[in-house]
Amino acid sequence: MPLEVGSEGCQFNYVVSAHKPTAVNHSAVGHFTSATDLNLVISKSTRLEVHRLTPEGLQGVLDVPLYGRVAALQLFRPAGEPRDLLLLLTERNNFCVLGFDEESGELVTRANGDASDRVGRPVEVGQRGIVDPQCRLIGLHLYDGLFKVIPLEERGLGLGLGEAFNMRLDELKVVDIAFLDGCAAPTIAVLYEDTKEQRHVKTYEVSLRDKELVEGPWRHSNLDAGASMLIPVPGSGGALVVGDSVITFVSAQTVRSAAIKPTVIKAYGAVDADGSRFLLSDYLGNLYLLLLLREDGAGVSALKLEALGRTPAASTISYLDSGVVFVGSAFGDSQLIRLHSTPPDPAQPDSFVEVLDSQPNLGPIVDFCVVDLERQGQGQVVTCSGAGVDGSLRIVRNGIGVVEQALVELPGIKGMWSLRKTYMDAHDTFLVLTFAGETRVLGMNAEDELDEADIPGFDSAALTLCCTNTLHDQFLQVTASGARLIDCNTQQLAAQWEAGAAGRVTVAAANPTQAVLAVGGRTLVYLELADGSIEEKGRLDLEHDIACLDVTPVGSETERSDAVAVGTWGMEAQILTLPGLKPLFKEALPTDVIPRSTLFVQFEGDTYLLYGLGDGQLVNYRLDPSGPADRKKIALGTKPISLRAFRSRGATAVFAASDRPTIMYSANKKLLYSNLNENEVSHMASFNTAAFPDSLALGKADSLLIGTIDEIQKLHIRTVPLGEQPRRIAHQDTSRTFAVTCTQANINLGEGGDSVRLLDEQTFELLDRLQLQQYELACSVCSMRLGDDPATYYVVGTAFAMPDEPESTKGRIFVLAATGGKFQVVCEKETRGAVYVLTEFQGRLLAGINSRVQMYKWAEHGDGGRALVPEASHAGHVLALYLATRGDLVVVGDLMKSIQLLAWKEEGGALELRARDFQPNWMSAVTVLDDDTYLGAENSYNLFTVRRNPDAATDEDRSRLETVGRYHLGEFINRFQHGSLVMRLPDSELSAIPTVLYGTINGVIGVVASLPHATYQLLESLQEAMRKVIKGVGGFNHAQWRAFSNQHIPASPARQFIDGDLIEQFLDLKHESAEAVVAVMQGGHSGATVDSVTQLVEELSRLH
């Protein structure tokens, strides 16, 4: 039963991440999983990762979702603890202390709580959670003018938290706060700004007895105006104050300064425990080493700064061991680097950095578009990612990448097989390729290179139908005239069987001891292959011609099969016994196309029989003891499929070669399909040689490709570095190009002016660039057709950001033709404000310009040229930042006034306000789900849906957009786009479900899918049951986390949204837990079973 949205429309939605957050905000290093392991703990907004450092690099231990956005994390070790504990503070002021249980390998919550106060003004520069170096107390700075203290007490069973209390902090505008190391009493240093915008640092002792802050040992006034960071120096009782142009060490005894080149330092990491060396990273990603020359005792005699090289701009730095450093970035890829004393690459004499590993980060996704570049019905997402010099385009697609090892021009391959030198060899040596009328052999030579080889016993002047290694160290070759056995050692012919007068061999299949052939079309011949002999053991005439055969052994038997699978020209599937050729099973295939390939395969202990059809469909049967069952049909491509089994990373997989090659594999006893990022592969053989381990040989129309494949099933990401920040992107099908607007990095904003790049859609090379004027920013770009003009244009909207203007008062709209790889300005129009957004609307151009929505039509002049002519407008917005259209309706996302609905009246030529949402939501993106339902994202990380009520009785009700769904996503969404990352299969239950993709600042690509009401109700009861059975990390509550709240509205429970990330954890549950969840569901929702729930969740997991 296909799922379809009913009359209630798209009110009920399922939200799930297709790509998890990748922007790294915090990291810490210590001994967390055991006293001997060195661990790196990373937070990626709403996920926590724990890694162990091994000689091979970082090895993942845990990757868990958090019900909160991490604001601070720190490892600490109270007295009497065998390993470090982890303090986590979330942006909603929940905190927890986590430990690690070595036996179960899971996180344990040692303490947790909510540190919110009922009144108080939240801090502007971000919450701070810090632990005193002697582990006497935890300090939290959450509200202006207050410092919250949680005493750490030793209790009988380990760590205990005392009663928390607030202390008055006189400084209201705190820039940074840190505990000092080397003081008898717990002491904090506070870097703050006064009312005259001067910056000072001062210290306080924390008196737990008096519950107040007492004047500390030192203070220092009138620092560098850009002073922004405090780094406590171990054992000195002092701290480094990092400014824009000077770094100062301050303690009770000494003050030492060092001038630096003006920059903004963003992150630091301590190298040595004694605090003599620190790594610093600035906003451009330049890495520096700061050396403190220490005097005897606590003092510092001098500071020295050395440049080490460049990495992506760091948000966190953790020094691991022996020169290895983790550089976590929110604006570029995170890297694991090694520092050297001499430059590792002579080509870069100024860089002492060697990159060991890079973790791709899509964040911040400022804009993206969904395109089908291969034109195969498979969506790809092209994102504008990164910030500043780390800016790049990322092409994300669902599927498996091929890493090319060798490519040979070879047109006309009709089949291919790999052979081992002897039967027991571990590696393949020969690759047999057959063409119309000849067979060639490629082999690995002494230099481990692929070369033409010669096996004298082969019939090289014929087309080969089948080729394999057999027992007794022989090769089998089957051609149209018969079968040949060749001795592996002498490479001479050892035995031969000829078809003779019965006809030609048309189809063949073999295993190490058996061969089956179709002779003269419909006669099935069974041969046994022995040492130096081929014996015919049976033949059978079928009623139809034979189209495909298979005798792959399955189960514990690896050398013989007791059955043969047959596919016929009568569109039938048959299984016959061997050696008796007695019918076991026969059924008409659900198709009117001939089966072209068949295969027995075993996945995770279950045996399947597969048929690849001539029209790109695949039929599979599960073989039970009683016979084939559970027939399923799935469309993989449009051309004939050829099936081969191979091994990848220790597991069996099946390669279905066709115009859209697919790899079939099994996980959790479920068949999964993942497409290969290559097209038009007609033949495949696994080719595992010493030089190319675990490789595949792929035969394409005119070439042979040898390569390895990525890990099976994951999103595949390709990076196009730009060196500047991409802001907006649009794709144009007719010119096969992308237009990307870019802002130059590292200049004072706006000085250089933006540019619009024209890129080729396949290679992403720069074809042309339109440079804008000084102070001119490109705000929007889209591709559209205007009026009755047959051409498709790019339209770019800009704004002049003058240094002396608080808000843009002028901008421009360009209409550009992209012809012959060049931009041509067709029309340029000045506007009275910033053109924040552009969209096409019934052949017209709709623009959001400051507080107005303006409509232009594309009119002809007298001289045959064309121009944009204003046709209608609607004012009364704060800033019209986002537009979405459907039919005659225009949905406007406003900076502060939530969502408004306008309607276009063709007769009166006017845009009229139909309805609006009266909640004060600050919008970050909007889109239309159906005629009456609109989806919005706002700046407190929430999603909400509003619905208009056109049939209401009163005008007031008709003019109100009612909020029907609300949900806290915990991610800042910059853009919605309709589309999908996965191929929609026509026979899938979900093919009719509408989906919207979103991109966020932390690099999440997510899916919002609209569900039918009945499915939603079932999932809601599943979600409720999952909350009861699965406990959140740190004891955080899922229902509270998903509750909608912002600065105007107190928390209200999520409604009409389902958390797909929680639902899909059901597939990973142990059987007992899954049964417990279903038992809780049955209490409220009868009829649910583990199997039915699993099947539904599997279907939903195919949405991404």
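Analyst: A polar contact here is a pair of N or O atoms within 3.5 Å, where one must be able to donate a hydrogen and the other to accept it; please also keep in mind that this is a predicted model.

User: Is N39 buried or exposed?

Analyst: N39 is buried, because its relative accessible area is 0% and buried means under 20%.

User: And what is N39 in contact with, skipping neighbours within four places in sequence?

Analyst: With those neighbours left aside, N39 is in contact with A28, V29, G30, H31, F32, T33, S34, V50, H51 and R52.

User: Switching to backbone geometry, what does phi look like at Q491?

Analyst: Q491 is not a glycine, yet it has a positive phi of about 60°; the residue lies in the loop between β41 (482-487) and β42 (493-498), and it is buried, with a relative accessible area of 19%.

User: And S898, where is that?

Analyst: S898 lies in the loop between β76 (889-894) and β77 (899-905), where its phi is also positive, near 55°, and S898 counts as buried at 0% relative accessibility.

User: What kind of peptide bond joins G363 and P364?

Analyst: That bond is cis, with omega about -20°, and P364 is found in the loop between β30 (353-359) and β31 (367-371).

User: What about L578 and P579?

Analyst: A cis peptide bond joins L578 and P579, with omega about 0°, and P579 is placed in the loop between β49 (572-577) and β50 (583-588).

Methods:
Residues are numbered from 1 along each chain as its sequence is written. This is a predicted model: local features need pLDDT of at least 70, side-chain atom pairs count only at pLDDT 80 or more; totals for chains, interfaces and linings use all residues. Side-chain values use heavy atoms; hydrogens and water are left out. Buried means under 20% relative accessible area, exposed over 50%, partly exposed in between (1.4 Å probe, protein chains only). Contact means heavy atoms within 4.5 Å. Helices (H or I, at least four residues) and strands (E, at least two) are DSSP runs, numbered from the N terminus.
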